[in-house]
Each structure stands twice: as structure tokens, then as C-alpha cells.
Amino acid sequence: MTAHTVEYIRYLIPEQQSAEFLAAYTRAAAQLAAAPQCVDYELARCEEDFEHFVLRITWTSTEDHIEGFRESELFTDFVAEIGPFVGSIQEMRHYKPTTVRGTGASVPTLYSWAGGPEAFTRLTEVFYDKVLKDDVLAPVFEGLAAEHASHVAAWFGEVFGGPAAYSETQGGHGHMVAKHLGKSITEVQRRRWVNLLQDAADEAGLPTDAEFRAAFVAYAEWGTRLAVHFSGPDATPPAEQPVPKWTWGAAPPYQP
């Protein structure tokens, strides 16, 4: 969940050379795809002026790009393909993302799709009623605070794209992780947690479409597996991190 570096390279390519340019980058993209320092990449062409292209590359860090990729054989092969167009570069800079980010209204958040705060309140109320009656999970949640369900509802809401209620009242990801330290959660308990959560989602009336439930269960799997890891005897708490933001797609590989 560390912040990556985004490199933008802007090209001015005469239209008669555009086919050759695109072919060169199609070949060079293989080197980017193979680079462990490269998160993703995209070459875009201006609609108003076909001579303008922008290459966006997300790197794990600026240092990884400069000291890792550029010092590798992959970079040698990359330059061999795009070298003829280096003189057409108008800008080549690294950028760090700011806190200004989000999604547009054309794609609803999982939070709004689920039904907003009422849906997650129903979910956690049904879920913890099940948990406290379950032979496998009840011992883990012995002495559960009365406000626990509402805190988890706020957590789910923020994770799935709702307001930052958990962060503002409880803390970030590190705060949630700390709740699991020393708990020695077993795989049997983890799986029961996921199964009961799915049962609770059914009873609470959360959407049952395949796309929503795939994302919902994916988060449950991801979160519970981290909980098992951080509940172990040798677990080291991560540095303070923001609450993860879950979307309709898959999460990137975990980075402590």
C-alpha cells in the first residue's frame, strides 16, 4: 500500500511516423511488462492533435526505475526499440500522487451499490449475532465491546468507498491490524468468518449480483488472510497506513 511513482513521457511524433512509433512501442512494451519495477503502463494518443502522445508508466519508486530498470538488460532492449524517437520527447518527469483522487460517478462505489450505511449496519448486526453463537468463532470474540459492530460497519463502509468515518474516529489500517495481534487466529476460524459473513450478507439483503459478491468475497479473503498473518506469534505490525480502498477490480500485491 505504498505510494508509487508515475512517470509521464510526452512525445511529438509526425503523423507519417506514427505507425512506426506505435509498432516500436508495441515491441518495447514487452520489456516494461517483464520489469519487476514496473506496475503498469499506457500509451495514449491525443484526439485533437494526432501528433501528440503521452506514455504513462507507474514505477514502484523513482529509485527502482533509475537504479533498477535503467541498469538492467531490459532497459537496453527497451531503448533499442524506442531509441529513434528519443529526440521527439517533449517532457520526461516523475510524479508522486497526491491525496486528491477518486472515481467518477459513472461507476458506483461498492459502498453505494451495497446500499450505503444502512446496508453495512444491517450486515454487521446480523454477522456478529451469528459470530457470538458460533462454536468456532465465539471464543475469539469473547468480551466483545457493544460498539464493535458499529466500528466494523464504519470500516467496511470506508473500505468499499464510503466516507472516512473509521479513519476519523478510530485510525487507519494499522489500528485495525493491531486488533488482531496475538490472537493466534486459525485457518478454520478464518474460513468460518468468511462463510458467516457471506451468510450475513444474504440475510442483510446485500446485492447478490456476481460482480458485487465477487468483490465482496475477495475483500473478505484478503482481509482475513492478513488477520491470520498479523495474529501470529512472529508478526511485526506494519507502519501506519491508510484504510485500503476496495473497488470492483482485484487488489495489487500486498506491500508492507
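I take a residue as buried when its relative accessible area is under 20%, as exposed when it is over 50%, and as partly exposed in between (1.4 Å probe, protein chains only). By that cut-off I note tyrosine 11 as buried, since its relative accessibility is 1%.

Before going on, I record that this is a predicted model, in which local features need pLDDT of at least 70 and side-chain atom pairs count only at pLDDT 80 or more, while totals for chains, interfaces and linings use all residues. Residues are numbered from 1 along each chain as its sequence is written, and side-chain values use heavy atoms, with hydrogens and water left out.

**Sheet and helix**

I looked up the strands (DSSP runs of E, at least two residues) and helices (H or I, at least four residues), both numbered from the N terminus. Counting two strands as paired if DSSP finds at least two bridges between them, I find an open sheet of four strands in the order E2-E3-E1-E4, with antiparallel pairing. Its edges are strand E2 (38-45) and strand E4 (89-95), each of which pairs on one side only. Within the sheet, E1 and strand E3 (residues 52-59) pair in the antiparallel sense over eight bridges, and tyrosine 8 stands opposite arginine 56 in E3.

With contact meaning heavy atoms within 4.5 Å, and with angles from 0 to 180 degrees between the N-to-C directions of axes fitted to C-alpha atoms, for helices over the stretch in contact, I see H1 lying across E1, E2 and E3 and running at about 170° to E2.

**Aromatic rings**

I pair rings of Phe, Tyr and Trp (its six-membered ring) if their centres lie within 6.5 Å, and call planes under 30 degrees apart stacked, over 60 edge-to-face and the rest tilted. This rule gives 26 aromatic pairs. One of them is edge-to-face, formed by tyrosine 11 and tyrosine 25 at 5.8 Å centre to centre with 75° between the planes. Because tyrosine 11 lies in strand E1 (residues 5-12) and tyrosine 25 in helix H1 (residues 18-34), the pair ties together parts that are 14 residues apart in sequence. Tyrosine 25 counts as buried too, at 6% relative accessibility.

Tyr11 and Tyr25 also belong to one aromatic cluster, whose members include Phe21, Phe53 and Trp59.

**Cysteines**

How many disulfides does the model hold? Requiring a pair of cysteine sulfur atoms within 2.5 Å, I count zero disulfides. Cysteine 38 is buried at a relative accessible area of 13%, whereas cysteine 46 is partly exposed at 24%.
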